[in-house]
Amino acid sequence: MRCLTLLLIVLCNAAPIAAQIPAVTLPSVTGPIPVTAGSYPLMASNKLQVVVDLAKAGYAEEEFFVSGRANVYDWAGDGSPAIKTPNAPYTTRIMLRRPIDPKRFSGNVIVEIGNVGRGYDFAFSWGVSHDYFMENGDAWVAITYSPENVEALKTFDPARYASLSMANPTANERCSPGAGPNATATPAPQEEGLRWDVISQVGALLKAGRPSGPLAGFDVQRVYGTSHGGELATYIAVFHSRARLATGRPVYDGYIQHRHPGMTRLRRCGAAPAATDPRQILRNIDVPVIRVVSQTDVLLTYARRRDDSDAPGDGYRLYEVAGAPHADASFYPYMPTVADQKKTGFDAFLHSWPFPDQCEEETALLRVPIMTYALDAAYANLTRWVRDGVPAPRAARVAVEGGGTPLAKVMLDQHGNAVGGVRTPHLDVPSATHFTSTKGPGLCGNLAHMKAFDWATLNALYGTPASYAVQVSGAVDRLVRERWLTESDGRKIKAGTVVPANASR
């Protein structure tokens, strides 16, 4: 009897930590917000530089306002987050694109922690992978989580967005000299530190199954976080373990992190962790995390590499994508129109060349969607991992010589293309050298260009156009089997395979 009592004590004391964490509070929601000719959402699908016909794809678009209370956090002495200011009110917006018919819904919700680099909302992840999302029946949600982006919405349409606010609960605070490099001693009316609880609360709302509001009537099974920036990396490292549902389960079931960005500060007057801080390397996250890094970013993120893992509570993959640039032509067509950008108060950019600098190598944005193929496959593999318990495949890293030193460089094959990494037919059956960086000012280093092989090289490699096509087809079939390409993308590559321009004289 005494042994049984002791066993019961041990079992009770071994309750999961997650069960001891209060459930995320659900925010209130208003919407869908009506759309008229004179009042429509910034980033509406029919107001982008390249229009996406959602109705033709069987999709609907809706905007909602989400209101709640969020804490502002700062680092405690032990490196954990501590509440600095509790229960500050906020109202922000989310954009939802979903199947019209709930029967088409996959059960997956992709929550994009959007890009804030322009000062107004636009969506990299949607731009890169929207065809996959719609073919698969996924829902996609974008959160406006930055005070600057909230203010851009209010400038864009003061009446529509009058209720939005990320007001600073300590608006008179002046940042100390030890704060981060972007902090300012001037008091600020907004507080970016509200974003962490906003991200958790929106995720919990999408899973709540309410009879009204976003995804009412849809059977939400999985919610994934995705982003191109460091805010998601910070959220995963710091707040994922604290974001729990009433069941004790995590709010987010997995993550796709574009690139491998460093962590950000927790609040306006805070400092980001140092580059050498061990928290910069994600470990022991109890849902799968897949990081997808372009070849351009391999050397910049080399110090944050870690081993892949299938260990319980530490599912992790790092995919470094050979031949992929930091940004390509898939990232920018789905920016708001120039007119709408100007209405936010910020500079406007054309999607075809969204940069003011001329690179030394005259080039347009790369239209070979290598990153799209890698990310589509990553989403498919994440769902198999979460839903079916089948771990995502492992890939070799891009080969690096002198890694971690000032002389580090990516190792190249005889054609000038990267060795190792996640592969595509564009590199396994090459017809060009893929340069994932371009010399020049500004952001040229993030852009790619290609140099097509001459006829002699193509003839030596393939002999005939038909032989080239056969080899591409074989590479596609192998990569589909190995789960590095979705079946849909494999079909698209085969259908689009053309004889290289220099293949005949």
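Q: Is C175 buried or exposed in this predicted model?
A: The model is predicted, so local features need pLDDT of at least 70 and side-chain atom pairs count only at pLDDT 80 or more, while totals for chains, interfaces and linings use all residues. Residues are numbered from 1 along each chain as its sequence is written, and side-chain values use heavy atoms, with hydrogens and water left out. Buried means under 20% relative accessible area, exposed over 50% and partly exposed in between, with a 1.4 Å probe and protein chains only. The relative accessibility of C175 is 10%, so C175 counts as buried.

Q: What is the handedness of the disulfide of C175 and C269?
A: The handedness follows from the torsion about the S-S bond, which is about -75° for C175 and C269. The disulfide is therefore left-handed.

Q: Which elements do the buried residues of α3 pack against?
A: In α3, the buried residues are P147, N149, V150, A152, L153 and F156. With contact meaning heavy atoms within 4.5 Å, the elements that these buried residues pack against are β3 (81–99), α4 and α6 (338–343).

Q: Are α4 and α5 roughly parallel or roughly perpendicular to each other?
A: Axes are lines fitted to C-alpha atoms, for helices over the stretch in contact, and angles run from 0 to 180 degrees between N-to-C directions. Angles under 35 degrees count as roughly parallel, over 145 as roughly antiparallel, 65 to 115 as roughly perpendicular and the rest as oblique. The axes of α4 and helix α5 (residues 230–239) are 11 Å apart, and the packing angle is about 80°. The two helices, α4 and α5, are therefore roughly perpendicular.

Q: Which residues of α5 make the contact with α4?
A: On the α4 side, the contact is made by R195, W196, I199 and S200. The residues of α5 that take part are E231, T234, Y235 and F239.

Q: At roughly what angle do the axes of α10 and α11 cross?
A: Helix α10 (residues 465–481) and helix α11 (residues 487–496) have axes that come within 10 Å. In α10, V472, S473, V476, D477 and V480 meet E487, G490, I493 and K494 in α11. The crossing angle of the two axes is roughly 175°.

Q: What is the radius of gyration of the protein chain?
A: The radius of gyration is taken over C-alpha atoms, and the globule rule is 2.2 Å times the number of residues to the power 0.38. For 505 residues, a compact globule would have a radius of gyration near 23 Å, which agrees with the value for the protein chain, 24 Å.

Key:
Disulfide = S-S within 2.5 Å. Helix = DSSP H or I, 4+ residues; strand = E, 2+ residues; numbered from the N terminus.
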